[in-house]
Amino acid sequence: MSVIETRELRKTYGRIQALKGVSLRVEKGQIYGLLGQNGAGKTTLIKILLGITQLTDGDARLLDAPAGNTAVRARVGYLPEDHQFPGYHSAYSLMDFYGQLYGVSRGDRRQKIPATLELVGIAGRMHSKIKTYSKGMKQRLGIAQALLHDPDVIFLDEPTDGVDPVGRKEIRALMATLKDRGHTIFLNSHLLGEVELICDRVAILQRGELVREGTIAELTAQKGVFELGLAPSQAFPEHEAKALGYPVRALNPTATLWEVGLTDGQTIDPLVRMLVEKGLSLRHLVEKKVTLEDVFMSVVEGAEPGTDRRERKATAVGGSDR
Ligand SMILES: Nc1ncnc2c1ncn2[C@@H]1O[C@H](COP(=O)(O)OP(=O)(O)OP(=O)(O)O)[C@@H](O)[C@H]1O
Ligand SMILES: [Mg+2]
């Protein structure tokens, strides 16, 4: 049984097609990241799963029940984007209020509220009014609110928005702990470096369509692109390299740095041997790593990952309908 499953999920708001047939699956204990530019449909998808918004067509299931099922809601925690908690509450009184809504008993609330606020690092200020909190503190409170009733699935819409780097690291550690305890986390984020560190799988939404899905390792799989440089004053034998079947191009105007691609089944070794046999001296050879950001940019700009960012932009301008 998948914790979350959507099939050909569609949502239209009047003439806007927010989701155009999205199918994805999240298994128990995963940290799943949903990525996409502003307006891609990320929040819409979360809201459908939670039953806040109705789907237009297709299927959405959460914890083996149709999205919006009220019995399931008690097993779900949610940090909405742009949440606004009433400033006259303190963290404690707000949590107490939510705890009652979630059906957490008085005794459990008394014990769990300080513990949960401790977990997110704001227990020291739990009796101060929310209006006196910094942005990051409010965000931590939002996360605490989503965890209070020990939900099986936690939806976090931009969990580290406004949180400083130390706090973000703490929140990542918290997510890892929750995962270890068997909770499933579904998060929306624009911070790709963070997503790459924490998520098991990610999906990229582009204008309502799911354009990539997989584990971080699958999405950032090495494309086999090397950066290579010879000793100063030595010319790179471009023609011989091409004759061996390597796509090569100079990375700078003085042609001291070269990018070498591998074609199917090829390794870099024959090229290195050829250079050595020609008496050339290799000074620099690194395999380029593709980051999640590279993958994301290539998807939204419409080019292959691993190619130069400026070149990709040029391609996108020429080849897109935006
Ligand atoms: N209540 C609504 N009424 C009309 N259109 C809406 C509504 N909610 C969302 N939309 C539209 O649906 C599309 C997807 O919006 P959504 O909020 O899901 O995007 P998002 O991926 O969460 O973006 P962001 O990164 O900015 O939070 C957008 O075009 C948005 O304008
Ligand atoms: Mg959103």
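The shell around ligand 1 holds 4 nonpolar, 6 polar and 2 charged residues. Here Ala, Val, Leu, Ile, Met, Phe, Trp, Tyr, Cys and Pro count as nonpolar, Asp, Glu, Lys and Arg as charged, and the others, Gly among them, as polar. This is a predicted model: local features need pLDDT of at least 70, side-chain atom pairs count only at pLDDT 80 or more, and totals for chains, interfaces and linings use all residues. Residues are numbered from 1 along each chain as its sequence is written, while chains are lettered from A and ligands numbered from 1 in the order in which they are written.

**Around ligand 1**
- The surrounding residues are Y13, I16, A18, G36, N38, G39, A40, G41, K42, T43, T44 and E81; each has its C-beta atom, placed from the backbone, within 6 Å of the ligand.
- Strand 2 (16-26) and helix 1 (42-50) each give two or more residues to this shell.
- Helix 1 gives the largest share, 3 residues.

**The whole chain**
- The protein chain has 12 helices and 14 strands, taken as DSSP runs numbered from the N terminus (helices: H or I, at least four residues; strands: E, at least two).
- Of its 322 residues, 36% are buried, meaning that 20 or more other C-beta atoms, placed from the backbone, lie within 10 Å of a residue's own.

**Helix 5**
- Helix 5 (residues 135-147) is largely enclosed by the rest of the structure, because 11 of its 13 residues are buried.
- Among them are M137, L141 and L147.

Conventions
A residue is buried if 20 or more other C-beta atoms lie within 10 Å of its own, exposed if 12 or fewer, and partly exposed in between; C-beta atoms are placed from the backbone. The expected span of a helix is 1.5 Å times one less than its number of residues.
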